[in-house]
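Please keep the sequence and the structure in view while reading.

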Amino acid sequence: MDRRQFAVRSLAAAAGVSLLRGGNAAAQSDAPASEPLPGLLADRPGAVPESVIRAARFPEGFLWGTATASYQNEGAWNEDGKGESIWDRFAHTPGKVRGGVTGDVACDQYHRYAQDIALARQMNMKSQRFSIAWPRIQPTGMGAPNRKGIDHYSRFVDTLLEAGIRPWCTMYHWDLPQALEDKGGWPNRELAQYFADYAGILAKHLGDRITVWAPFNMPWAIAFMGYAAGAFPPCRTSFTDFLKAAHTLALAQAEAHRAVKAASPRATFGSAYEMAPAYPKTDSEDDRAAAARYHAMNNVFFLEAAMKGRYPKAFVGEPPYEQMGFRAGDEKLLYAPLDWVGFHYYTRRIVSDASKEHFESGGKFSGTEIENNSPGGRDPYTRFRAAMPTEGPLTDAGLEVWPRGIYDLVTQISREYDHPIIEITESGCGYLDETDVETGRVPDGRRIAWYRETLAELSRAIQDGAKVRAYHAWTLIDNFQWAEGYTERYGLIYTDFRSQKRTVKDSGRWYAKVAASGLLTV
């Protein structure tokens, strides 16, 4: 695999698509979680000392949970009036998904959700982040709601509440109704109002029981991976389309905020942003400025829009407002302060400056966030290169293990936004651990080690003043992993995709003990 292939696949993995197989020489182990685990030894780059892990404490009332997504879990792709989504169209297109598989069945959670929620309860979970499939509620993204779709999620929420688990709703996790993509997709500004109407429907019918809402999962990835990099549906490769889509999503975020608050007085409204701490490649002023632009564009672009009604300094020079479709008065529309801030953590980036270089071919967009040796960096506006480092070991999904990153990211957001309430909305690792045929267990010691070190750094951030109230592991059960189909596993529960049998992995058993005790040495 050449460097460009590695870069594109690693980017997609960080966005929830695990596109790189293999790459971690760490051995599996059945060692007790309280002992150092083989494969993630204390002397490796980025390692967290065992003393720090043993000292970690989480406050009473801390909310332990997991996160899931509708298309990755539910199946039932055309049942009970559900419309076609862009991921249905994508997965049904030959050559798009590894192995030619689809999410038509996935984990069959549409029919088996009671079983999965019972397992979450057994694991001592107190919060479940899930998403609602927009085309189940409005098959074309417009008009009156589909009653069967509303009823399904109503039963789902009731089952969570009966299990003592907080229902945490992401309104959109990438499965746009295909009919709205046919109207131009997210670059079409009209989608902001369509989305606000949809958000209002959800709050009206479910807001008496759901009090924690976020509009989008990873809005930057929706815009960039779908409309610039071309890795996600609708697979466009236009940086202008990306800019327009990003602006529409920021407007939709605020319009949904107002719609939910109007329909449900009990609602709290936050976010589920993708973030990666950005470290400058050198200590030069130029590289530090480039890292700041990365942070502004990839981490806080939508957060700044909501909190301050403006976009951060993500560009070299003035923001390209005309290309974004920005109109007079939009700054007032963007402003919708969040009640709490939610974001994901998986790994870090190393960023260098490209602002003094010249673009070839008039600044044609390179098609990937990761640097691919094109002069000028990623694009004509942000002018940086971002690399996925490999100093630490890699997970089977190709992401560097770097626990310190969550501490740096949480404390940075805390400083920049006046110590908001924070929820970690996704965080986890992909390893291809299989069931032991003799014991029936799924020994996944590398995953336990990953969580121990990452959570130890999160605990340290809390001790240093960050107001983190929840952590959602990605993910509850192995699922359809986007373009990689069923070849990557992030779950705390093993899914046999042929029989749909669920088996709690060793990591799930360990996580249950952590949730019960607030300690990592269990």
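Lys82 is in contact (heavy atoms within 4.5 Å) with Ala76, Trp77, Asp88, Pro135, Arg136 and Asn146, leaving aside its neighbours within four places in sequence. This is a predicted model, in which local features need pLDDT of at least 70 and side-chain atom pairs count only at pLDDT 80 or more, while totals for chains, interfaces and linings use all residues. Residues are numbered from 1 along each chain as its sequence is written, and side-chain values use heavy atoms, with hydrogens and water left out.

Lys82 lies in the loop between helix H3 (70–73) and helix H4 (86–91). Helices (H or I, at least four residues) and strands (E, at least two) are DSSP runs, numbered from the N terminus. Lys82 has a relative accessible area of 11%, so it counts as buried (under 20% relative accessible area; exposed is over 50% and partly exposed in between, with a 1.4 Å probe and protein chains only). From C-alpha to C-alpha, Lys82 and Ala133 are 8.7 Å apart in space, although 51 residues apart in sequence.

In the protein as a whole, 64% of the 522 residues count as buried. The secondary structure comes to 18 helices and 13 strands.

Helix H10 (residues 219–227) is largely enclosed by the rest of the structure, because nine of its nine residues are buried. Among them are Trp220, Phe224 and Tyr227.

Two packed helices are described by the angle between their axes and the distance between the axes. The table gives these values for one pair; axes are lines fitted to C-alpha atoms, for helices over the stretch in contact, and angles run from 0 to 180 degrees between N-to-C directions.

| Helix pair | Angle | Axis distance |
|---|---|---|
| H9 (residues 191–206) and H11 (residues 239–263) | about 30° | 8 Å |

H9 is therefore roughly parallel to H11 (angles under 35 degrees count as such). Residues of H9 that meet H11 include Leu191, Phe195 and Lys204, and those on the H11 side include Thr248, Leu251 and Glu255.

A nonpolar core is a set of buried Ala, Val, Leu, Ile, Met, Phe, Trp, Tyr and Cys residues joined through side-chain atoms within 4.5 Å. The largest one has 136 residues, of which Trp186, Leu458 and Tyr471 touch the most other members. H11 provides the largest share of this core, 11 residues. Leu458 touches Phe58, Phe62, Ile406, Val410, Ile424, Val468 and Tyr471, not counting residues up to four places away in sequence.

How values were computed:
Angles under 35 degrees count as roughly parallel, over 145 as roughly antiparallel, 65 to 115 as roughly perpendicular and the rest as oblique.
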